[in-house]
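Hello,

Here is the structure I promised to hand over. Please open it first, then read the notes below it.

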There are 2 protein chains.
Amino acid sequence: MTDLHTSPLNLPAWSQLATLAKAPQQHLLEVLSEGSLRTQRMTHTAAGITLDASRQRVSPIIETALLDLAEQASVGAQRDAMFRGDAINLTEDRPVLHVALRGDPMHTGPWGTDVQADVQRELARVCDFAEALAAGTVTGYAGDAITDVVNIGIGGSDLGPRMASDALAHLADPAVPGIRVHYVSNPDAWALWSVLRGLDARRTLLVVSSKTFTTQETLTNAASAQRWLTDSGCPTDQLGKHLVAITASPAQSAKLGYPAERTFLFWDWVGGRYSVWSALGLPLAIAIGPQNFRAFLAGAREMDEHFCTAPLAQNLPVQMALHGIWNRNFLQMPTQLIVPYASRLVRFTPFVQQMDMESNGKRTHIDGSATGIDTGPIVWGGLGIDGQHAYFQLIHQGRHSVPVDFIGVQSEDTPLPLAATHHGVVNLNLRAQAQAMAEGRSLEDTRQLLLKSGMSEAQATAMAGHRSFEGNIPSSILWLDRLDPQRLGALVALYEHKVFVQAAIWRINAYDQWGVELGKTIAKQMEKTS
Amino acid sequence: MTDLHTSPLNLPAWSQLATLAKAPQQHLLEVLSEGSLRTQRMTHTAAGITLDASRQRVSPIIETALLDLAEQASVGAQRDAMFRGDAINLTEDRPVLHVALRGDPMHTGPWGTDVQADVQRELARVCDFAEALAAGTVTGYAGDAITDVVNIGIGGSDLGPRMASDALAHLADPAVPGIRVHYVSNPDAWALWSVLRGLDARRTLLVVSSKTFTTQETLTNAASAQRWLTDSGCPTDQLGKHLVAITASPAQSAKLGYPAERTFLFWDWVGGRYSVWSALGLPLAIAIGPQNFRAFLAGAREMDEHFCTAPLAQNLPVQMALHGIWNRNFLQMPTQLIVPYASRLVRFTPFVQQMDMESNGKRTHIDGSATGIDTGPIVWGGLGIDGQHAYFQLIHQGRHSVPVDFIGVQSEDTPLPLAATHHGVVNLNLRAQAQAMAEGRSLEDTRQLLLKSGMSEAQATAMAGHRSFEGNIPSSILWLDRLDPQRLGALVALYEHKVFVQAAIWRINAYDQWGVELGKTIAKQMEKTS
């Protein structure tokens, strides 16, 4: 890999893009007047997800230059190195193999047989344990079947399974009692207490998730929850019946008394923010059942296959990454808004926020030199339509230029008599916002409109500024044909690979997170001196 | 008010600040070596809230110039005009009187007797109704006492009461059945269904909140929820027993069949995002009880009094506004991160996000001219500690400069045996992050540290870039002495006034929201043509 660039500034396509960015460009209102041909050219589908990128501010010549950039940056070679298990996490000297976690159980991928065997063994253990819980054969200290699982973990040990449990909540049939899964991440006492106070200790299982099993926040919550168990009558020597550990450091969890048969493993080549596919997905597997969990993995695998085989010009993660680079590095847009228009995706934006910002919030190239260019954007947002009644005002009329990912779902599966009406409102608004942001409404058009509405010349002129919209806001729409385990898996993998491609072009390491270190160091110093 | 500036660019202090921003400035690491004198000078308390702004990147000379800016922009005169009820919302020709909603019930404020009488009448009706619900005297079509309230509203009709209900959830004693309050905002079918499926129609009250009572999303959810009531057996002529309207357009709600005695009013001089103090606070009053609701109002009133009387140099909202302007307009930081370290404040950031971005996401001065300067920032964030395991990586090491508001609580009231341990972890981390962000760790210090840890020269040099931190990230800490209704009211009012002061200096109208219009217009066009 020594022939790889260290800064994309040295790549010819980068210079070309810089030149293109300085040239006058059409407003999206004109660009879109090209009509359906542009939409067709810029719309691609994979794994049940359709990307419509026609509202990005790219002309065909820019599209070509962006593809050249991906080629010159050896994105394909870097991708293959990841799948092969090369130690692409150079600052920690490790491979990055979350893709192996969702590999085909029947065929070993390029990561090899050792990884394959480990992955399939733990996956089987996770699924078996989820099934045992569902069957009521896992019991607490007094012999009662477990009914409630509390996942205690933070960051990557929380956001992934929690996001997916919400997104697939419709699969937990409320008519069947099943197992309720709760998530506690914050070490603030209220976070734990507000969950525990509603539970019966005899029927509660604590799942403690931590890669190192030294995470202070998680161990604080775990210790406090164990205290609650014993205060509620659980004999100390029976605590093991209520404890599960998920970790890459089983020696550490064993030291704290977590039984080996209830310890589920992952490995140092799985980053926390890429770990929902591993044993850390256990709470998700419990919430939606092992079969749905496997479908979630299969959806991600479909996206992996697309990423590895589709030409760059039709490759969803590559396209999204390139548009992001165009917006970030050439149109100077520092943030990326993600707005899902399906309420079950309520935690999708915070999930991607972590994945993207912890991965690409770096200012150092892989070789240790400072990046002379901007890297990962600030990712923010939240549910659509709600956003329209909140921060969209600033998107339309503030002094920022914010690219948007809209995420919509084409079908509707909620058993409500008027579900189709609801769905119509939601998707109409999604389309209308993407269109409004692109088109805007000029000062003069606004003035004419106000005159027509009966305002005087003076009034219309005074108000036109307040009621006009610059438009020209780039956006993409991701349409899921359904919101099911497979599409969700594919959607998450899509964003993972988008982040990978951007890091590959920027030549930064997306898989370390040294930035969390300084806060910890200073906290320790303060603790000693206080 | 005709003598007011139209652009702060014309104010002498603005030019002075621009000059100061260009001069070389000390790194915060050096600035903070001044020690406790600086902290004392830059720490101020009001209404149970202490602002420690010592980590902002301002020197005494910059502080003075910022105060000059506030003086020259007539912030005091503009504030008095708001409290007096002048039509400061010029594009809609209305006063802006949310402050009257929390006025002293015993003394009429500068807004006059008419407003006072309206406010106190509706407040009494809200409190009486909340009490009747708690007493079990409000019954459904089959004579059962109401146990569940579903608030249906979006944006300002949702975020305020929902945020506050979460923040004060400890006041709803789980041992006493009481009334459960649910919130539905998104028109996606799942959002409504996932709430209704757990409820008994005979015991459920729908509170439909909409200023205009024409909000499409809210009416869609309301119609669907009414359908659920009738499908569950409620005779059509008994529907009124299950309906409450909160609106500034009672004629409109009456047309849709909402009974007058169950219609609670607010007025066109209350903006949705400033309405939690009005009848729109009914779900909150139900959740925490009328006495606590009145304490919430009283806390905001304390902050109002502080805002109106404290010298600008010790005035919390003025200080926060000025630091925000320094960061936004002179240090060119486009976003503002808000991170509460108390899990009950889980919705505080989205709440302020709406309030700030819908208010100051404008690019037009009050006189209709385009602002030549940047206005409201992108507000984002979420719970602390969780953030440390997610996007803080980018704050520490990404290519952005992001000012932070940390929000902490000094006392801990959760009835958990180890609550003090939890609380120690939380507040230690808050302090450590503020410190780490300010100080950073230089390349050379990092290299030395790595050498000491046993790395070779070559390794340490290669790794230093990956493990150093620029620091110099400005932040403020807001300490609440308790998280109770009064402090929460004061905290919300603090941010309201911060937004006001910034708008007053930028000379934009914080109280309209024309930016939501274009999306609606295009949605209507699409609806017709589809």
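Predicted model: local features only at pLDDT ≥ 70, side-chain atom pairs only at ≥ 80, totals over all residues.

**What I found**

I start with one loop residue in chain B. B:Asn472 is buried, with a relative accessible area of 16%. B:Asn472 sits in the loop between α19 (457–467) and β11 (475–480) of chain B. Its phi is near 65 degrees, a positive value in a residue other than glycine. Most residues other than glycine have a negative phi.

B:Ala47 also has a positive phi, of about 55 degrees, although it is not a glycine. This residue lies in the loop between β1 (43–46) and β2 (49–52) of chain B. Is B:Ala47 buried or exposed? B:Ala47 is buried, because its relative accessible area is 16% and the cut-off for buried is under 20%.

One more loop residue in chain B: B:Asp268. Look for it between β7 (263–265) and α12 (282–288). B:Asp268 is partly exposed, at a relative accessible area of 42%. Leaving aside residues up to four places away in sequence, B:Asp268 touches B:Arg94, B:Lys211 and B:Ala248. B:Leu97 is 171 residues from B:Asp268 along the chain, yet their C-alpha atoms are separated by 9.4 Å.

**The sheet in chain A**

Six strands make an open sheet in chain A, in the order β1-β2-β11-β10-β8-β9. The pairing is mixed. From one strand to the next, the twist averages 20 degrees.

Now go inside the sheet. Strands β8 (residues 335–340) and β10 (residues 404–409) of chain A run parallel, joined by four bridges. A:Pro340 stands opposite A:Ile407 in β10(A).

Which strands does α15(A) touch? This helix packs on the sheet against β8, β9 and β10 of chain A. Its direction makes about 180 degrees with that of β9(A). Helix α20 (residues 485–506) of chain A packs on the sheet too, touching β2 (49–52), β8, β10 and β11 (475–480). The direction of α20 makes about 150 degrees with that of β11(A).

**Helices**

Helix α15 of chain A covers residues 348–360, 13 residues in total. It reaches 18 Å from its first C-alpha to its last, close to the 18 Å expected at 1.5 Å a residue. The helix is mostly covered, with twelve of its 13 residues buried. Among them are A:Phe348, A:Phe351, A:Met355 and A:Asp356.

In chain B, helix α7 (residues 113–134) packs with helix α13 (residues 290–309). The angle is about 145 degrees, and the axes are 9 Å apart. On the α7(B) side are B:Leu123, B:Ala124, B:Cys127, B:Ala130 and B:Glu131. They meet B:Pro290, B:Phe293, B:Arg294 and B:Leu297 in α13(B). The contact has seven nonpolar residues, no polar ones and two charged.

**How the two chains relate**

Chain A can be laid on chain B with an RMSD of 0.0 Å. That takes a turn of 180 degrees and a shift of 0.0 Å along the axis. This is the relation of a two-fold axis. Which residue of chain A comes closest to the rotation axis? A:Trp380 does, with its C-alpha at 3.3 Å. Of the interface residues of chain A, 100% are also interface residues in chain B, so the copies meet through the same surface.

Best wishes

Notes. Residues numbered from 1 in each chain as written. Chains lettered and ligands numbered in written order. Heavy atoms only, no water. Helix = DSSP H or I, 4+ residues; strand = E, 2+ residues; numbered from the N terminus. Expected span 1.5 Å × (residues − 1). Buried < 20%, exposed > 50% of the residue type's maximum accessible area, 1.4 Å probe, protein only. Contact = heavy atoms within 4.5 Å. Least-squares fit on C-alpha atoms with pLDDT ≥ 70 in both. Pairing = 2+ DSSP bridges. Axes fitted to C-alpha atoms, helices over the stretch in contact; angles between N-to-C directions. Nonpolar A, V, L, I, M, F, W, Y, C, P; charged D, E, K, R; others polar.
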